[in-house]
Amino acid sequence: MNHFIYAADLFGTVVFAISGALAAGRLRMDPFGVLVLAGVTAVGGGTVRDAILGATPVFWITDPTYIWLIAITAALVMLLVRCPRRLSGKWFQVADAFGLAVFTVIGVQKALRFGVDPVIAVMMGTMTGVMGGMIRDLLCREVPLVLRTEIYATACIVGGAIYTCALALELALVPAALLAMSGTLLLRLIGIFTGLSLPAFALDHPKP
Amino acid sequence: MNHFIYAADLFGTVVFAISGALAAGRLRMDPFGVLVLAGVTAVGGGTVRDAILGATPVFWITDPTYIWLIAITAALVMLLVRCPRRLSGKWFQVADAFGLAVFTVIGVQKALRFGVDPVIAVMMGTMTGVMGGMIRDLLCREVPLVLRTEIYATACIVGGAIYTCALALELALVPAALLAMSGTLLLRLIGIFTGLSLPAFALDHPKP
Amino acid sequence: MNHFIYAADLFGTVVFAISGALAAGRLRMDPFGVLVLAGVTAVGGGTVRDAILGATPVFWITDPTYIWLIAITAALVMLLVRCPRRLSGKWFQVADAFGLAVFTVIGVQKALRFGVDPVIAVMMGTMTGVMGGMIRDLLCREVPLVLRTEIYATACIVGGAIYTCALALELALVPAALLAMSGTLLLRLIGIFTGLSLPAFALDHPKP
């Protein structure tokens, strides 16, 4: 993997781990719970992607850097964070958007290396980006946020589509990745700063 | 795969996708949420089966028809459905029962091709039939319906058992499949039209 | 696998299956639900471990003994248990602690056989021990208990670390396993009989 992409991947891992650790803190979990939520949020999406592709052992088994990074992040969050309000601010969401953009591109890349259809590759990229947060929300007994609000998964889909198109147009890997990441990032930032959201599909409850 | 089985599989995929999309609508999810719930319900069972068997990349990666079909179904449900009551009627449950019957047979078939024990094959068939709905319910923060009520999983188990027995008695694949599907379908229809249910195993809550 | 370890593994499977079946009974599930909860609790951790390692088909497909044992256990619980209070007592928790100790060692063993990093191996052992209970709690719509309270996962981590260290010091497999199991068991028994728990990481809810 390209050095820049790898560094960005590790940065995204830390940001996602922080968001998982904070969710654990809100539910007053013990240190193991914090570790699990941090880990699941950070590598959950890529793990499901690898298991489905058959890219086993999954990526964080081959390269334990991810697990060390998550453990250190979880420990630091427990030691240092007292006021989560600061970490739910806009700047943290921007960091999260950056992580989302990297994860998406890496997911698409890995899927393409397995020779899958471009549409499936975009799907695998989106899965890499959003599924960690979905499992985090499930473990916290919440309906996953990403299914309900804001331009989040949509940003992944668009970024993934840009990446596969750019490669099809024979752009080199790095410019294609940067272009795709900018697309995801831009769309996600619009979501964060305008509060814009896709229209919900709302049915009445047919149950009594 | 036999043409008839394949067509029936695609039909089952559409029906299961509709049921996922409707669940998303009841929770007022956005279009991505509708897509995820439709997809998870339709291919979730087969995905877990393939990951556990080691049949990776899983089936919908090798044949993207399933994903296209789910996307189109989700889009049509969002555009057309305004009154979900009509889609919760008996005839939709019958279509669902048909999907269940096909998914079970396909699951048993795939497991047998991996040379597993017949009991495990029946289990994998049942998993293919019911696990998509279970993940859908989990994402909607409900205790999976299939664990609580009606003759649903039981119909899969019986159908799967018929199929493995028929093959052991050296019946050809297609008549064996039709016989097994009829068994699942019949049992499930009895469940739908009589409301018959297995007795619950009810313990008092030992917690204070 | 060593005969003693295998027997201990089957014992742990029965204990974990009982705990799953009881959880199903508390939610008044039907017999299929009891079977699913018993199975998920007993082999859920090992299944996720094998899928992530790429050790497919997963262990209970290769050796159906586990599934038969779970089915018989679930049936016996439904037939015999009327007063779950007796099964939530201290002695059942001790049996559960024993199962936890075995599962952890087996998980570490399997991961090491795949040539993974020792830290990852400890993680896979912990996963084998605790993830079945986590999926059980998810299906019951509860925040997994293991993330919140008591010395449970910690006992797995310590046991797994003892095991990998003992092997690194060139102890033979069986004494290393016994030593590691004693470590997990001891720590878990302290948790059970003193009610000692790790301090929670508690953040205020930043949401309005």
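Is F98(A) buried, exposed or partly exposed? In this predicted model, F98(A) has a relative accessibility of 24% and therefore counts as partly exposed.

Over all chains, a search of the whole structure finds 12 aromatic pairs. In the pair formed by F11(A) and F98(A), the ring centres lie 5.5 Å apart and the planes meet at 75 degrees, so the arrangement is edge-to-face. F11(A) belongs to helix 1 (residues 3-26) of chain A and F98(A) to helix 6 (residues 90-113) of chain A, so this pair ties together parts that are 87 residues apart in sequence. An edge-to-face pair is also formed in chain C by F59(C) and Y66(C), with a centre-to-centre distance of 5.0 Å and an angle of 85 degrees between the planes. F59(C) is buried, its relative accessible area being 16%, and Y66(C) counts as buried at 4% relative accessibility. In chain A, ring pairs link Y6(A), F59(A) and Y66(A) into a cluster.

The UniProt record, an unreviewed entry, places the feature "transmembrane region" at residues 6-25, 32-53, 65-82, 118-139, 151-179 and 185-203 of chain A. Over residues 6-25 of chain A, the model is 100% helix and 0% strand, with the end C-alpha atoms 29 Å apart. Residues 118-139 of chain A are 100% helix and 0% strand, and the C-alpha atoms at the ends of this segment are separated by 31 Å.

A nonpolar surface patch of about 630 Å² is made by W68(A), I72(A), L76(A), L79(A), L80(A) and V119(C). The most is given to this nonpolar patch by helix 4 (residues 65-80) of chain A, with five residues. L80(A), found in helix 4 of chain A, is exposed, with a relative accessible area of 63%.

The structure holds zero disulfides over all chains. C140(A) is in no disulfide, because the nearest cysteine sulfur, that of C140(C), is 17 Å away, whereas a disulfide requires sulfur atoms within 2.5 Å. C140(A) is buried, at a relative accessible area of 9%. C156(B) is also in no disulfide, and the nearest cysteine sulfur, that of C165(B), lies 16 Å away. With a relative accessible area of 0%, C156(B) is buried.

Definitions and conventions:
Residues are numbered from 1 along each chain as its sequence is written. Chains are lettered from A and ligands numbered from 1 in the order in which they are written. This is a predicted model: local features need pLDDT of at least 70, side-chain atom pairs count only at pLDDT 80 or more; totals for chains, interfaces and linings use all residues. Side-chain values use heavy atoms; hydrogens and water are left out. Buried means under 20% relative accessible area, exposed over 50%, partly exposed in between (1.4 Å probe, protein chains only). UniProt positions are given in the numbering used here, feature names are shortened, and annotations may be inferred rather than shown by experiment. Helices (H or I, at least four residues) and strands (E, at least two) are DSSP runs, numbered from the N terminus. Patches are made of residues with over 30% relative accessible area and no salt bridge: like charges are joined within 9 Å, nonpolar side chains (Val, Leu, Ile, Met, Phe, Trp, Tyr) within 5 Å. Accessible areas come from the Shrake-Rupley method with a 1.4 Å probe; for residues, only the protein chains shown count as cover. A salt bridge is a side-chain nitrogen of Lys or Arg within 4 Å of a carboxyl oxygen of Asp or Glu. Rings of Phe, Tyr and Trp (its six-membered ring) pair if their centres lie within 6.5 Å; planes under 30 degrees apart count as stacked, over 60 as edge-to-face and the rest as tilted.
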